Amino acid sequence: MIEIDNVTKWFSEKQVLSGITEIIPDGECFTIIGPSGQGKSTLLRIIAMLDTPSSGGVLIDGNDVSHAPLELRRKLGMVFQQPVAFKESVYDNIALGLRYRGFRKDTIQYRVSTILEQIGLLGYENRKAPTLSGGEMQRVSLARVLVTEPDILLLDEPTANLDPVSVQVIESLISSYHKTGHTVLMSTHDLYQGQRLCDRIGAMMHGTFIQTGSPKDVFTRPISVEVANFIGVSNIFDGMIKGFDDESMMIQTEFGVLKGKKTSSCSQKRRSEFHIGERGAVSVRPEEIKIYSVNEKGNIQDNVFSGLIIAVAAYGLLTNVTLDLDGATLTAQLRWSEVADLDSSSRDHVFVHIPSHAVHFMSL
Amino acid sequence: MSMKREPTYVGIALLILTIFLTTPVMGETFEDKVLMIATTTSLDDTGLLDVLGPAFEAEVGDNVVVQWLSKGTGVSLEYGKRGDVDLMMVHDRAAEDAFLADGYGTDRRVFAYNYFVLVGPESDPAGVAGMAPADAFDTIMEMGMEDSSVQFVSRGDNSGTHSREKAIWKSAGYEYADIQSAGDWYIEGGQGMGSTLGMADEMGAYTLSDMGTFLAYRGDLDLVSIVEEGDDLLNIYSAILVNPENEPSVNTPLGIAWINFLMSDEVQEIISTYGVEEYGKALFNGAKGNEDVIAVSVDETSLPLEIAA
Amino acid sequence: MNEIISGCITAIHLILTRDPSVMEITMLTLQVTLTAVLIATCISIPLGSCITFREFFGKKYVIGVIQTLYAFPTVIIGLFCFLLLSKSGPLGFLGWLFTPHGMILGQTLLVMPIMTGLTISALQAIPKSITDTIAVLGATSRQFLFTHLREARFAIMATVIVGFSRAISEVGAAIMIGGNIRGHTRILTTSISLNTSMGDIDMSLALGFILLGIALLVNIAMGLVQQR
């Protein structure tokens with residue numbers, strides 16, 4: 001278990017980590033996401049004992065890392081963003097950690113061959129490591145760590161700038177390593193990777209975890225506009241809470257009153273903390289927005305607005321439709337077939353329905 | 001990493017092996033068997049010591065080795081003061097007297113003499129052939145100031161030859177400092193006798209040499225003897241024991257043996273005939289028996305040294 | 001040009017006939033220089049490693065001083081050792097003046113700065129990611145050091161070659177400390193110096209070619225070790 005206790009880190013005048021506290025239990029896979037230069041690597045390096053915090057501490061299994069004996073160090077493994085190639089053969093590169101630990105030759109032989117197969121580089125034993133491509137070398141770097149079977153696997157943007165095959169091999173190894181009960185702590189700025197591989201995500205900005213939670217939590221209920229922007233949530237508007245009723249709250253926005261479910265608010269902020277008159281931001285998930293032509297409006301009551309289609313753009317198998325609602329710009333994401341349906345009638349004037357579960361209120 | 005360290009170790013092992021295999025060459029004899037002499041370059045460059053050294057070793061036997069450092073009188077006396085050598089063979093009476101007076105040396109014996117000679121290009125641009133030494137120097141100085149073909153190369157190294165050169169300038173009426181700054185015609189080489197002759201030869205300049213070295217090198221040079229006669233040119237070689245009181249590790253017994261060896265009739269004979277076959281003329285003269293010529297007492301050339309009980 | 005060719009021919013002749021005095025001089029040269037380089041390596045590489053991997057006050061200045069010492073004139077080192085080893089000096093009791101032992105001391109002192117400094121350069125050139133990887137893999141201090149040395153092995157071999165080259169080609173220290181005594185402290189460089197001043201150009205060139213030949217052989221040997 002990793003306990004991070006109020007860790008701060010200054011580099012000269014610049015504060016890189018400003019008070020991080022977090023517990024990562026055994027066997028969890030935790031991803032740190034966030035923009036570059038915000039401290040992700042620094043935190044990992046501190047846990048890996050390559051740097052020391054300016055204040056605060058890290059405990060691993062109850063042991064303070066600043067006074068850690070070698071055995072504790074050897075429970076960790078770390079893969080860096082840059083592939084690391086020693087001027088040796090691939091075999092010797094991978095075997096390095098095992099040799100440090102004094103393993104026997106046949107054990108080393110067995111483990112190295114096994115992992116070579118797992119990373120798809122069987123037959124590469126005698127190749128000189130510096131001749132490998134970046135992706136191949138990063139696989140070797142991961143293998144070098146995995147053969148020592150560390151309890152905790154640390155990874156700092158392990159697949160940044162790699163070819164797709166290597167990314168896939170590495171992700172699959174990380175995933176299976178996690179599934180065999182090991183703790184994994186990873187940083188990435190590929191949100192979807194974090195979502196694929198891990199149990200929990202922590203969004204790090206300004207040197208601290210602004211939000212932690214399951215991937216679903218973070219993506220669907222970002223705690224603040226800043227997180228939302230980073231995650232790529234669109235459709236953010238100013239909003240003010242006008243009132244509550246049993247299950248919903250009414251939010252005044254520039255294009256009208258939105259009814260949002262109380263429970264759809266960020267679970268990290270208790271509902272009782274929201275009060276009438278509170279200003280904040282509202283986000284609307286684009287994939288939930290429905291567009292109806294004038295004729296099809298039907299019986300839907302709440303959250304229906306009239307709008308104009310300004311633009312339509314393809315987005316893979318989906319289509320992004322940009323709408324103008326009384327001056328506010330909203331992006332909806334529809335399936336291709338839904339857009340085609342609109343073709344038959346007038347496309348310009350439409351009704352836009354925002355289901356209340358797609359509305360999310362967050363603080364600024 | 002354990003693998004692939006073997007070749008590096010093999011390489012290192014080979015090096016160490018090479019060193020040990022060649023150790024016999026380096027095997028040094030113990031100190032009491034080594035006689036360390038500091039000598040003037042003229043005694044070494046002529047090859048005289050190459051004859052005397054082995055002869056002494058053969059006579060004394062017992063793994064005794066004679067080693068000499070050929071640097072020049074000034075440096076040799078320095079070594080003597082420091083106790084780094086056992087004995088010095090030099091040729092500068094004035095400096096030797098001071099050395100003895102200061103207590104750095106104990107006994108001195110004169111074992112050989114020859115003459116200095118002013119040598120120069122055959123063309124003799126200063127026209128000083130046959131002059132008295134001091135007059136020749138004077139003329140060279142005056143002509144050198146005006147005629148760029150007249151040059152003088154000096155040892156410039158506090159050797160016995162250099163001291164004599166300075167003495168001649170003095171008797172010609174000049175302060176040495178003035179000569180040094182007189183002009184480009186005066187060149188201070190800072191080298192041994194053989195090298196200085198080579199330099200003078202190359203430049204077509206005059207220089208003062210001892211007769212022995214000049215004769216030995218004459219075949220390779222275009223220089224000729226310009227001035228051979230004059231009291232100023234007498235060159236006396238002496239051997240001085242370093243004072244063991246200053247440096248107890250000095251090998252006095254061997255030093256005494258060497259000096260007595262030098263004074264022995266056989267060796268005096270060797271000295272007096274050295275070079276005749278090769279150069280047509282002896283490069284040195286034995287001191288013993290010629291005390292009148294060189295104005296020293298018989299004791300100085302003949303009285304054997306005794307090892308203190 | 002003729003002289004150079006003549007020198008070459010003389011060199012070959014001397015080697016083929018195994019001229020005893022040349023053999024003696026060459027053997028002594030090898031002994032003195034190889035011993036000095038070996039000792040210097042044993043001191044400089046650990047010292048360089050220590051300086052590289054420890055943080056201490058004034059580290060930059062120490063490295064600066066070491067690099068300044070690269071340019072230390074050999075005659076000054078010769079003079080310094082002479083004063084040390086003279087009977088009237090502090091180490092006179094060793095009796096090393098005018099002996100090969102003294103010359104080994106001189107050459108060792110001569111090449112230590114450059115070997116230490118180049119070891120530091122070699123180790124500092126290793127990328128931080130490699131150092132981090134070694135640390136995180138749980139290396140003991142000894143493993144940490146050896147892995148770094150191994151990773152920088154080409155540069156460190158080059159360091160040894162540079163040290164050897166500087167030692168075998170120096171004259172100033174060898175003459176002052178050794179005295180150029182024939183058969184005892186006369187090595188290739190001091191011999192060349194003497195022969196040149198005596199006008200024996202042929203022999204000087206010959207000895208010079210032999211010295212270069214040795215340097216070439218040593219380089220080839222090192223190269224073979226490096227390949228593996």
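# Rings, charges and a greasy patch

M1(C), I4(C), I5(C) and I9(C) together make a nonpolar surface patch of about 420 Å². To join such a patch, residues need over 30% relative accessible area and no salt bridge; nonpolar side chains (Val, Leu, Ile, Met, Phe, Trp, Tyr) are joined within 5 Å, and like charges within 9 Å. Areas come from the Shrake-Rupley method with a 1.4 Å probe, and for residues only the protein chains shown count as cover. What you're looking at is a predicted model, where local features need pLDDT of at least 70, side-chain atom pairs count only at pLDDT 80 or more, and totals for chains, interfaces and linings use all residues. Residues are numbered from 1 along each chain as its sequence is written, chains are lettered from A and ligands numbered from 1 in the order in which they are written, and side-chain values use heavy atoms, leaving out hydrogens and water.

**Chain C and confidence**

- Chain C has eleven helices and zero strands (DSSP runs numbered from the N terminus: helices are H or I with at least four residues, strands are E with at least two).
- Going along the sequence, the pattern of chain C is simply α-α-α-α-α-α-α-α-α-α-α.
- Of its 228 residues, 54% count as buried (buried is under 20% relative accessible area, exposed over 50%, partly exposed in between, with a 1.4 Å probe and protein chains only).
- The average pLDDT of chain C is 90, and 99% of the residues score at least 70 (pLDDT is the predictor's confidence in each residue, from 0 to 100).
- Where is confidence lowest in chain C? That's α1(C), with a mean of 84, while helix α5 (residues 100-124) of chain C has the highest, at 95.
- The model as such scores ipTM 0.80 and pTM 0.78.

**Aromatic rings**

- Searching the whole structure turns up 21 aromatic pairs over all chains (rings of Phe, Tyr and Trp, the last by its six-membered ring, with centres within 6.5 Å; planes under 30 degrees apart are stacked, over 60 edge-to-face, the rest tilted).
- One of them is F30(A) with F209(A), edge-to-face at 5.6 Å centre to centre and 65 degrees between the planes.
- That pair links distant parts of the chain: F30(A) sits in strand β3 (residues 29-33) of chain A and F209(A) in strand β10 (residues 208-213) of chain A, 179 residues apart.
- F30(A) is buried at a relative accessible area of 0%, and F209(A) is buried at 14%.
- F53(C) and F144(C) make an edge-to-face pair too, 5.1 Å centre to centre with 75 degrees between the planes.
- Because F53(C) lies in helix α2 (residues 20-53) of chain C and F144(C) in helix α7 (residues 141-151) of chain C, this pair ties together parts that are 91 residues apart in sequence.
- F53(C) is partly exposed, with 28% relative accessible area.
- In chain B, ring pairs gather F137(B), F152(B), W169(B), Y174(B), Y176(B), W185(B) and Y186(B) into a cluster.
- Y176(B) has a charge over its face as well: K166(B), at 5.5 Å from the ring centre (the test is NZ of Lys or CZ of Arg within 6 Å of the centre and within 35 degrees of the ring normal).

**Salt bridges**

- Side chains of opposite charge can pair when their charged atoms come close.
- There are 25 salt bridges over all chains (a side-chain nitrogen of Lys or Arg within 4 Å of a carboxyl oxygen of Asp or Glu).
- D61(A) and K75(A) meet in one, at 3.5 Å from N to O.
- D61(A) is in the loop between β4 (55-60) and β5 (63-64) of chain A and K75(A) in the loop between α2 (70-73) and β6 (76-79) of chain A, so parts 14 residues apart in sequence are tied together.
- Both ends are partly exposed: D61(A) at 37% and K75(A) at 30%.
- D265(B) and K288(B) form a salt bridge at 3.0 Å, N to O.
- Here D265(B) is in helix α13 (residues 265-273) of chain B and K288(B) in the loop between β10 (285-286) and α15 (291-294) of chain B, 23 residues apart.
- D265(B) is exposed at 54%, whereas K288(B) is partly exposed at 31%.
- Salt bridges with shared partners also join R93(B), E96(B), D97(B), R108(B) and E300(B) into one network.
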